[in-house]
Amino acid sequence: MEQLISYVGLDVHKETIAVALAETGKRSEVREHGKIANTSTALKTLAARLGHGGRKLRFCYEAGPCGYGIQRQLTAAGHGCVVVAPSLIPRKPGDRIKTDRRDAINLAKLHRAGELTPVWVPDQAHEAIRDLVRARLAAVRTLRQARQQLSGFLLRHGHHYNRPAWTLMHRRWLAGLRFEHAVHHLVLEDCITAVEAATVRRDRLEAHIEAVLPDWSLAPVVRALQALRGLALVGAATLAAELGDITRFTKPRQLMAYLGLVPSEHSSGGTRRQGGITKAGNGAARRIQALTRRRLRLSCSERGRLRGAAASIMPGFGAAAIGPGISHQWESYGVFSSQRCV
């Protein structure tokens, strides 16, 4: 006898969860079950009630700010649960009514039809590293905004530093600025304090990333990624944390689609139009990946870092240990140079 399956759609919010059920069979009616509190106890009671009689349960809910706690709890209890990508949920163009009840019913119906796209759920250790690198990215954005505010303030009052900024010489130049009104000095000191605080925060988070990386399961992947041009330790850790389990991509096209690096297309009939990249998917990983495509002039220290990273991946790797064709190719990218670095 075939086991009955109930597809459960969960519309998750901070305080409540709207629940809808879809039984096996496309013609079966999808019904609303009601609302429960967003607590582990209420969720456990719901699963026990719906699974009474040996019925198999398959849950689904949208990825959002509530995280993966529900998925982990239901999976540990032996139930199937997927977290789906909100941007890939099919929606009717003419639908202008959105409620928690409708969202739950729609999730249950689409889950039964197999029309939902699940996202990869990281384990708790990987999620912790990803939260750390995202905190560092937030600190970088804060630092950039603080620097822009300071530069804008100085430009409004006719002060422009015609050299590379944010160096020790630039800091001395800032300390020597004079304004007609004393209030402007207060604004300048506040902007400088904001820049320095954001810099300290960024450096502290980068130090934390370097400290926890050796104990991470993807530490070998981070070391391997540093063999790519333009990726240092923090950038490689960010890319590995955002991509997660790369083996889930069966072909390179899927990885490029995840990064939003595939061209957009609007074709109809015999006409084919392709535009710029879609920029869909993970923006943080896409920006880090873009660093590897820049043809920068490498310093001697970066050449040494690339040699060390390449040697850790392939023992004996070096300009003299590989074939002349590959060696010439690496030299063309500036990795190995005939000029001696001292």
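Visitor: So two strands pair if DSSP finds at least two bridges between them; how many bridges join strand β1 to strand β2 here?

Guide: Bearing in mind that this is a predicted model, strand β1 (residues 5–12) is joined to strand β2 (residues 16–23) by 7 bridges, and the two run antiparallel. One of the facing positions is S6, which stands opposite E23 in β2.

Visitor: In which sense do β2 and β3 pair?

Guide: β2 and β3 are antiparallel as well, again with 7 bridges between them, and within that pairing A18 has K35 of β3 as its bridge partner.

Visitor: Is β2 largely enclosed or open, and why?

Guide: β2 is largely enclosed by the rest of the structure, because 7 of its 8 residues are buried, where buried stands for under 20% relative accessible area.

Visitor: Okay, zooming out, what is the strand order in the whole sheet?

Guide: The sheet is an open one of 5 strands, arranged as β3-β2-β1-β4-β5, and its pairing is mixed. Its edges are formed by β3 (30–37) and β5 (80–84), each of which pairs on one side only. From one strand to the next, the twist averages 25 degrees.

Visitor: Switching to helices: at what angle do α1 and α2 pack?

Guide: Helix α1 (residues 40–50) packs against helix α2 (residues 69–76) at an angle of about 45 degrees, and their axes lie 11 Å apart.

Visitor: Is the crossing left-handed or right-handed?

Guide: The crossing of α1 and α2 is right-handed.

Visitor: Which residues make the contact?

Guide: From α1 the contact draws on S40, L43, K44 and A47, while α2 supplies I70, Q73 and L74.

Visitor: How do those divide into nonpolar, polar and charged?

Guide: The residues of the contact of α1 with α2 comprise 4 nonpolar, 2 polar and 1 charged.

Notes:
Residues numbered from 1 in each chain as written. Predicted model: local features only at pLDDT ≥ 70, side-chain atom pairs only at ≥ 80, totals over all residues. Heavy atoms only, no water. Pairing = 2+ DSSP bridges. Helix = DSSP H or I, 4+ residues; strand = E, 2+ residues; numbered from the N terminus. Axes fitted to C-alpha atoms, helices over the stretch in contact; angles between N-to-C directions. Left-handed = near helix turned anticlockwise from the far one by under 90°. Contact = heavy atoms within 4.5 Å. Nonpolar A, V, L, I, M, F, W, Y, C, P; charged D, E, K, R; others polar. Buried < 20%, exposed > 50% of the residue type's maximum accessible area, 1.4 Å probe, protein only.
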